[in-house]
Amino acid sequence: MTHPVDVHVGKKIRQRRWLTGMTQQQLAEQVGIKFQQIQKYETGANRVSASRLWDISDALDVPVSFFFEGLENDKDGGATQSVPSDIMADKEALDLIRSYYAIPENQRRRLFELARVLSDVA
């Protein structure tokens, strides 16, 4: 049975890999392992060791703490997610974010304001 923290870390690895446009094969090559191992990490089927997480954080250009963002300890010593990860686990959402940041900054700000107005959040 998978531990919720391992699943969370795996989702964060997948999220960051998608945001950078990197394939599992490319990440595996940078870390020095087979891409099947990356698949197992991303699903939480295999636990990522501290040294391997260090290498992955270096390859994905984020601090190790990035992989634990969004976790909070509950009273039973387990971990719960303070932010739903469903949105960031969705390929379409990640593609949208990648596309958004590809837009020049001045146009991106205007698009952001338009989205806020359309969603009635403003």
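This is a predicted model: local features need pLDDT of at least 70, side-chain atom pairs count only at pLDDT 80 or more; totals for chains, interfaces and linings use all residues.

Mentor: Residues are numbered from 1 along each chain as its sequence is written, and side-chain values use heavy atoms, with hydrogens and water left out.

Trainee: In what order do the elements of the protein run from the N terminus on?

Mentor: Helices (H or I, at least four residues) and strands (E, at least two) are DSSP runs, numbered from the N terminus. The protein has 7 helices and 2 strands. Their order is α-α-α-α-β-β-α-α-α.

Trainee: What percentage of the 122 residues in the protein is buried?

Mentor: Buried means under 20% relative accessible area, exposed over 50%, and partly exposed in between (1.4 Å probe, protein chains only). For the 122 residues of the protein, the buried part is 27%.

Trainee: Is Ile-56 buried or exposed, and at what relative accessible area?

Mentor: Ile-56 belongs to helix α4. Contact means heavy atoms within 4.5 Å, and, not counting residues up to four places away in sequence, Ile-56 touches Ile-13, Val-31, Tyr-41, Val-48 and Phe-67. Ile-56 is buried, its relative accessible area being 0%.

Trainee: How are α2 and α3 oriented to each other?

Mentor: Axes are lines fitted to C-alpha atoms, for helices over the stretch in contact, and angles run from 0 to 180 degrees between N-to-C directions. The axes of α2 and α3 come within 8 Å and cross at roughly 105°. Angles under 35 degrees count as roughly parallel, over 145 as roughly antiparallel, 65 to 115 as roughly perpendicular and the rest as oblique. The two helices α2 and α3 are therefore roughly perpendicular.

Trainee: Which residues of α2 and α3 make the contact?

Mentor: Ala, Val, Leu, Ile, Met, Phe, Trp, Tyr, Cys and Pro count as nonpolar, Asp, Glu, Lys and Arg as charged, and the others, Gly among them, as polar. By these classes, the contact of α2 with α3 has 4 nonpolar, 3 polar and 1 charged residues. On the α2 side are Gln-24, Gln-25, Leu-27 and Ala-28, and on the α3 side Phe-35, Ile-38, Gln-39 and Glu-42.

Trainee: How are α2 and α4 oriented to each other?

Mentor: In this pair, Leu-27, Gln-30 and Val-31 of α2 meet Arg-52, Asp-55, Ile-56 and Ala-59 of α4. The axes of α2 and α4 come within 9 Å and cross at roughly 120°. The helices α2 and α4 are therefore oblique.

Trainee: Where does Asp-61 lie?

Mentor: Asp-61 has a positive phi of about 60° although it is not a glycine. With 66% relative accessibility, Asp-61 counts as exposed. Its place is in the loop between α4 and β1 (71–73).
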